[in-house]
Amino acid sequence: MSKELIRLEDCSMAFDGELVLDSIDLCIKDSEFLTLLGPSGCGKTTTLRIIGGFQKPSSGTVLFDGVRINDVPPYKRQVNTVFQRYALFPHLDVYDNIAFGLRIAKLPEPELSMRVGEMLEMTGLKGFEERKVDSLSGGQMQRVAIARALVNRPKVLLLDEPLGALDLRLRKDMQNELKRIQQQLGITFIYVTHDQEEALTMSDTVVVMDKGKIQQIGTPEDVYNEPENAFVADFIGESNIIDGIMAADYQVEFFGKKFVCEDKGFGPREPVDVVIRPEDIDIVPADAGHLCGTVTNITFKGVHYDIIVDFKGFKWLIQSTDYQPIGEYIGIRLNPNDIHIMKKSVYSGMFGDYSSYSAEYDEISDSDIEYEDIEEETLYEE
Amino acid sequence: MKNRWLSGPYIVWMALFTVIPLIIILFFAFTDSINGGFTLKNITSIEAYLPILLRSVWLAALSALICLIIGYPVSWTIAQAKPGRQRFLYMLVMLPMSISFLLRTLAWVALLEDTGIINNILGSLGIDPLPLIRNNGAVILGMVYNYLPYMILPLYTVIMKIDYRLVEAAQDLGCSSGKVFLKVTLPLSVPGIVSGITMVFVPAVSTFYISQKLGSTGTVLIGDVIESQFKTAYNPNLGAALSLVLMVIVLICVSIMNRFTTDDESVATL
């Protein structure tokens, strides 16, 4: 995790006049696990395809090990890809699928079979050599796709929503396995997903994207605890986002009250977005609270309850393991490290209000298969 | 069980116009033309027509191969085009088929004749007339021209269905565009190739009109012989026997072709 391997400088991409990537600057270090995270159509797949060589940026530079590779075709790059929906060769069996790249590279047969064997071992596919790929389950196809890419010993492995088509349980297993493989091989993984939990679990670095722009780059802890703007705060985890004003360094004012916080360096009385994570809020009796509100909804989520509390017309989401009956007047306490201050951005006011709360919010942001149709259609017309 | 009735019309049709005629052909092939008794004479006398039979198979196979060579790039181009353009190109391929087969063949006669359009133009340029018609070349030209759409359509259908991601996967794994074709596109289009060759070969091997109009006495095909046995020589027994042998040859050829595809991807033929 030291030296820089790939760098995108001011990369833009437009399809039919529509800007899909807007001046991206991104630096990827050697042997890190980097995730491009964002909703569908945010440009994450396009970024991946630019690194893979399937697309040339409309403008900007792509550097690999310091060398400009804009015009290097995919087959000459030291990069391999695990495609969305696998893209295994249906006319070849498992062994020949995995051996494909080595055969193209004209590797001598003994070494070839040794390396394919290693991959079969690592991905737990021993015994499946002769199987037709269309007779495999989703998880097995996924393993073949990974083995087929890794057998070429690339410097970088690109993964395009590789777990999107798998069910939840299998997805969790594969997440762990991918992380294990990445650490074992010590190569760079660039992973595309719309699943924030997946991104937080696996990555060294998370790149949050929206509308063709990078919103934030940081460690999973950074992007969760210190979101740059309302979009990041909302997309990663759940957030209550409130309009506030910085009264002074370490002091923010919202709902007509002043709270101590850990942020400084804002202008005098600068309007800001205040992020408060639902799980950070402590529920106390009404007379002991910093703020008081009425419970309007409660949903059991397994580990905790999702409680919607109305504070003067603004509804917050609070996650607590204690049950609160609807209509109860409760108080909350906020510690300085529960309050995170963000500068105002184009996303201010768009997120963080739970007035239209529905119990399904999890499922909506976590749909099983979400292909980036708009991007793909434009791609294949070339 | 009710669904069985849906195939009723087809079964009746097959029985009336395929099974019964086939039985009649079998009957004629093994009966004597004079006394109507059982005989193998018709079958054994086919030996005399063996060169013609072989020539028919040879010319039909050659036509199928030429159709493949011409048709594959065309199909590939159509399959790669944008949807709107695809429909237009597809229509262009289909368009000649909307004009009568006989008329199209006669048009070639008018073009290729010694006093035809091409030789007239050459003559006006001071070039001696070329022997463009009444040879194997003209027969093959006629076959290729008439049956090319039957090659292009199945190929186009198969190539269009190839997932573009597989092409990208091959590029990703080190294939230049030439290798992508050899390692991925071509193997995956084998079902279309098999079906196209079959659909060109089968009508071409039994054609008679093309060879009559564009060929000479030296390029008589088995289809011509069969036709003449029924119409001019009035020996339907020999004609039936020849048809039967031709059918067996075609079936053998088709089953050999189908070995190139696995069970689930073979395109139903015949």
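Biologist: How many neighbours does a buried residue need?

Modeller: A residue is buried if 20 or more other C-beta atoms lie within 10 Å of its own, exposed if 12 or fewer, and partly exposed in between, with C-beta atoms placed from the backbone. Buried residues make up 33% of the 270 residues in chain B. This is a predicted model, where local features need pLDDT of at least 70, side-chain atom pairs count only at pLDDT 80 or more, and totals for chains, interfaces and linings use all residues. Residues are numbered from 1 along each chain as its sequence is written, while chains are lettered from A and ligands numbered from 1 in the order in which they are written.

Biologist: Happy with that! How many helices and strands are there in chain B?

Modeller: Helices (H or I, at least four residues) and strands (E, at least two) are DSSP runs, numbered from the N terminus. Chain B has 13 helices and zero strands.

Biologist: Which residues of α9(B) are buried?

Modeller: They are Val180(B), Lys183(B), Val184(B) and Leu188(B). Viewed down the axis of α9(B), these fall within an arc of 100°, so they line one face of the helix; the arc is that of the directions from the helix axis to the C-beta atoms. Gly178(B) and Leu182(B) are exposed on the face turned away from the buried side of α9(B).

Biologist: What do the buried residues of α9(B) pack against?

Modeller: Their partner is α8 (164-172) of chain B. Two residues are in contact if their C-beta atoms, placed from the backbone, lie within 7 Å.
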